[in-house]
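Please read the following report alongside the sequence and the model, which are shown here.

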Amino acid sequence: MKTLQDITPGKQAVIVQIHCSGGMRRRLLDIGLTPGAKTECVGVSPCGDPKAYLVRGAVIALRSEDAAQVEIA
């Protein structure tokens, strides 16, 4: 399974499914990470975590552990 944390800056992907539950699932869905949404990795912090993603016109930062819960195609 390929996840959001696997893409590098400049690469694009489409969200397939969110593999978490509870409050984190709600937050990810609220910021636009819904199945079918296109996203692009636009940057990574100097330490490598978090990464910045462009989702539905907004740039969001996600930690690797949270990005690993988002399956992509």
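With which residue does Asp 66 form a salt bridge, and how far apart are the closest N and O atoms? The partner of Asp 66 is Arg 63, and the closest N and O atoms of this salt bridge lie 3.1 Å apart. The model is a predicted one, in which local features need pLDDT of at least 70 and side-chain atom pairs count only at pLDDT 80 or more, while totals for chains, interfaces and linings use all residues. Residues are numbered from 1 along each chain as its sequence is written, and side-chain values use heavy atoms, with hydrogens and water left out.

**Salt bridges**

A salt bridge is taken here as a side-chain nitrogen of Lys or Arg within 4 Å of a carboxyl oxygen of Asp or Glu. A search of the whole structure on this basis finds three of them, as listed below.

| Salt bridge | Closest N and O atoms |
|---|---|
| Arg 26 and Asp 30 | 3.1 Å |
| Arg 63 and Glu 65 | 3.7 Å |
| Asp 66 and Arg 63 | 3.1 Å |

For the surroundings of these residues, buried means under 20% relative accessible area, exposed means over 50%, and partly exposed is in between (1.4 Å probe, protein chains only). Arg 63 is partly exposed at 43% relative accessibility, Glu 65 is exposed with a relative accessible area of 53%, and Asp 66 counts as buried at 10%. Through salt bridges that share partners, Arg 63, Glu 65 and Asp 66 are joined into one network.

Arg 26 and Asp 30 both belong to helix α1 (residues 22–30), where they are four residues apart, about one turn of the helix. Helices (H or I, at least four residues) and strands (E, at least two) are DSSP runs, numbered from the N terminus. Arg 26 is partly exposed, with a relative accessible area of 49%, whereas Asp 30 counts as exposed at 55% relative accessibility.

**Strand pairing**

Two strands are said to pair if DSSP finds at least two bridges between them. Strand β1 (residues 12–18) pairs with strand β2 (residues 38–44) in the antiparallel sense over three bridges, and within this pairing Val 14 stands opposite Lys 38 in β2. Strand β1 is also joined to strand β5 (residues 70–72) by three bridges, again in an antiparallel arrangement, with Val 70 of β5 as the bridge partner of Ile 18.
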